[in-house]
Amino acid sequence: MFAELGHFALILAFAVAILQAVVPLYGAAKRNAGLMALAEPAANAQFLLIAFSFAALMHAFITSDFSLSLVTGNSHSLKPLLYKITGVWGNHEGSMLLWSLIVALFGAAVAWFGHQLPETLKARVIAVQGMIGAAFLAFLLFTSNPFLRLAVPPLDGNDLNPLLQDPGLAFHPPFLYLGYVGLSMSFSFAVAALIEGRVDAAWGRWVRPWTLAAWMFLTVGIALGSWWAYYELGWGGFWFWDPVENASFMPWLIAAALLHSAIVVEKREALKAWTILLAIIAFGFSLTGAFITRSGIITSVHAFANDPERGVFLLLILAVFMGGALTLFTFRAESLASRGVFSLVSRESALVLNNLLLAVAAFVVFIGTVWPLVIELASDNATWDLTLFTIPNPFYAVGLFDQPRKLSVGAPFFDLAFTPFMVILALVLPIGAMLPWKRAKLGRILRQLWPAAALALAVLLLAWAMQTGRSALGPVGLGLGTWLVAGAVRDLWSRTGRGTGRLGRLRRLPRADWGKATAHAGLGITMAGIAAMTAWQVEDILVVQEGDSFELAGYTVTLDGVSEVEGPNYRSTVGEVTLSKDGDEIAQMRPEKRFYPVARMPTTEAALDNGFLRDIYVVIGDPQDGGGWAMRSYYKPLANWIWGGAILMALGGALSLSDRRFRVAAGARKAPVAGVPAE
Amino acid sequence: MRGLRARVRGAIQPRAWILVLCLAVAAVTTPAVAVQPDEIMQDPALEARAREISKGLRCLVCRNENIDDSNADLARDLRLLVRERLSAGDSDAEVVDYITERYGEYVLLKPLTGGANWLLWAAGPLLLLGGAGLAIVYIRRRGRASVAAEGALSPEEQARLDEILKD
């Protein structure tokens, strides 16, 4: 019953979304206040209807209603309650419903918080958000209905993929989706501004908090996913350059560029057309991400061709929104002339460089992700079948291919092709962050920064001297990290002026300044963590008898015993491990190897001893024929810095978001513009 | 406190690996977690080279996993093959060539530079150069723009701006 109501609410939401997309847009064009006023109630109604639908699906999962095909496929009566709830979005249909819910949530948020927006801009933003909502609701209803019933309900379900039954991954999708979909707000603001034909400082100020929020959520979502991979997959890898990971990383990079260029629009009325373009591309990458993860195209072109319905629908959404917005952009870009004047050495130029590096880095990730697909499609046949007629494959004609070519682009490519951009970014960041607007003297900034540079160089040389190997990665990473953190500190300190009372002034600095320094320092800490862990981790793989110990990077690991334990919906082999150093016990660790009988899947649950400077990571493997257990153990220096830095970046975003100028702007009710009656 | 290392590595002689290979294909029951103790070579230098090579080879039945990290049986076979070639005296490049010959270009996680792939490798640097060129043109134009243009707000724009920017 609830399921039918949920389905019905979804259909109603679709109808409301279409109204929301059409009526306010027409009203804004005709300056009809009555029609524009429909935007807010429509956005609220769409959100409430989808929220109801979502609640209905959650109800079905919690009560284990196996008459629903989706619940049968992804749940089990014995599954812990938390994972029954998070199982709602642990599958295609449910996750797309969550996606639609968040699209509607952001649309409604404009209605709630957008009081200071001009009536026409607000109506148009909500309308564009309605279009996005309508597109995804149509996708849900026509290709991915979560409320399909089974004619004969089974006694129990097939269980959720055990890898997803984990707190890290349970909350990874909602954050990621808040980020992906949050970028739809930047997109809606950009398209609305293009329709309005004006982009000014105020627009920059309005669009920035939404971008910042989306970027924060993406940061947290990506960090959660990476942290999960680190402790769950059994060897402590945290980033694999997998297409699905890249799908979330590309919008993150573009969003980072966008939230910097929006500052230039806000403060200096320059980079307008570029910022609009970035806002469109950022959401384009979000949609691409949805397409990549949801269509199955990356797994194989042929898997996609066998079941193309969903993929083609998503591709259509991508094409319509990007095509429409970019067409609008080409017609209106001319009118978005910059006003601000600045010289080659200035904050503006530094932010242009920031944008260039981030955008190129994102594009490198993009081309690496789609390249295998491009090559496979381009080299597949000597002739192309265009339904009506066939033509010879032009790539064969020019001799680029002579047979079908299938290749892989993996981590070694991205490490080589992507990392240099981040190194350059880190090198110039502290300098650019301190340059004043309009016109700057480089020498002045460099004189202020030399202690930070000296410190970074000292750390680099020290690390070089102390390490046993001859890897450049570790020392350079630590050096760059130090440079970023020290540069951020120097930047804050230089804002306190001269003379006495600097500490007091430091405390009273705008939150945006603190946010900037925190986020930049966070980037440095993440970089240092990645470099140190990659360069200096120690691994040991060996067979250990119960009661025996072995040495790992100065620590002693003892396997005290192994026991079998019964979990709620799994069986587990648990190792009892003691970690000690110089005879003193440091920690008791319990690595597990689980088997989920319903899903017929094993998982490894690594045991970690987290420390500020290192993690000890222990995994228990299979029993060996000659007795004993296979064990993998790792010493991972600065591992937690990777995610600690990410949290600092997100925190920096939050601090910036709480800055007075956004709060005041968001809270202030402006008198209605003359000529437009109040609601 | 003496670590009694019951390492099984080296217990299997290189010649016997062919047998192990066949057994591994047959025994698909127990899931293994990436590199197993019995695969590790006695010579740490060779083993280190094997690990490095393995990180660049794709597990053919997985999605974007290298054979070093993969649990699949086929990945184990390839790991053993890499070690067999290394102990037969092959150089790193020869091992990679040997495997590429049998499994195709698809096995390489680091794409070759030949053919159409030059575009893949050159895309980043080319884009950076092109973008830098455009950026410099834009910045120089901003530098030359008359200061008068900056102040050129219409009165109502100025009023609206003041309203918005006053904190």
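Predicted model: local features only at pLDDT ≥ 70, side-chain atom pairs only at ≥ 80, totals over all residues.
How far apart do the C-alpha centres of domain 1 of chain A and domain 2 of chain A lie? The distance between these two centres is 43 Å.

**Domains of chain A**

- Chain A is divided into domain 1, which covers residues 1–160, and domain 2, which covers residues 538–639.
- Contact between the two domains involves six residues of domain 1 of chain A and five residues of domain 2 of chain A.
- On the side of domain 1 of chain A that touches domain 2 of chain A, two residues are nonpolar, two are polar and two are charged.

**Contact between chain A and chain B**

- In chain A, 60 residues are in contact with 52 residues of chain B.
- Helix 15 of chain A (residues 347–379) supplies the largest share of the side of chain A that touches chain B, namely nine residues.
- The side of chain A that touches chain B comprises 33 nonpolar, 16 polar and eleven charged residues.

**An open sheet in chain A**

- Four strands of chain A form an open sheet in the order 3-12-11-10, with antiparallel pairing.
- Strand 3 (538–544) and strand 10 (607–610) of chain A each have a single partner strand and stand at the edges, so one side of each is left without a neighbour in the sheet.
- On average, neighbouring strands of this sheet are turned by 15° against each other, direction ignored.
- Strand 10 of chain A is joined by four bridges to strand 11 of chain A (residues 614–623), and these two strands run antiparallel.
- Within strand 11 of chain A, V618(A) is the residue that stands opposite A607(A).
- As a general point, the strands of a sheet pair through backbone hydrogen bonds, in either a parallel or an antiparallel manner.

- W228(A) has its place in helix 10 of chain A, which spans residues 201–232.
- W228(A) is classed as buried because 20 other C-beta atoms lie within 10 Å, and the cut-off for a buried residue is 20 or more.
- Apart from its neighbours within four places in sequence, W228(A) is in contact with D166(A), G168(A), L169(A) and H172(A).
- F238(A) lies ten residues from W228(A) in sequence, and their C-alpha atoms are 7.9 Å apart in space.

Methods. Residues numbered from 1 in each chain as written. Chains lettered and ligands numbered in written order. Buried ≥ 20, exposed ≤ 12 C-beta atoms within 10 Å, placed from the backbone. Contact = placed C-beta atoms within 7 Å. Pairing = 2+ DSSP bridges. Axes fitted to C-alpha atoms, helices over the stretch in contact; angles between N-to-C directions. Domains from an automatic or database assignment. Nonpolar A, V, L, I, M, F, W, Y, C, P; charged D, E, K, R; others polar.
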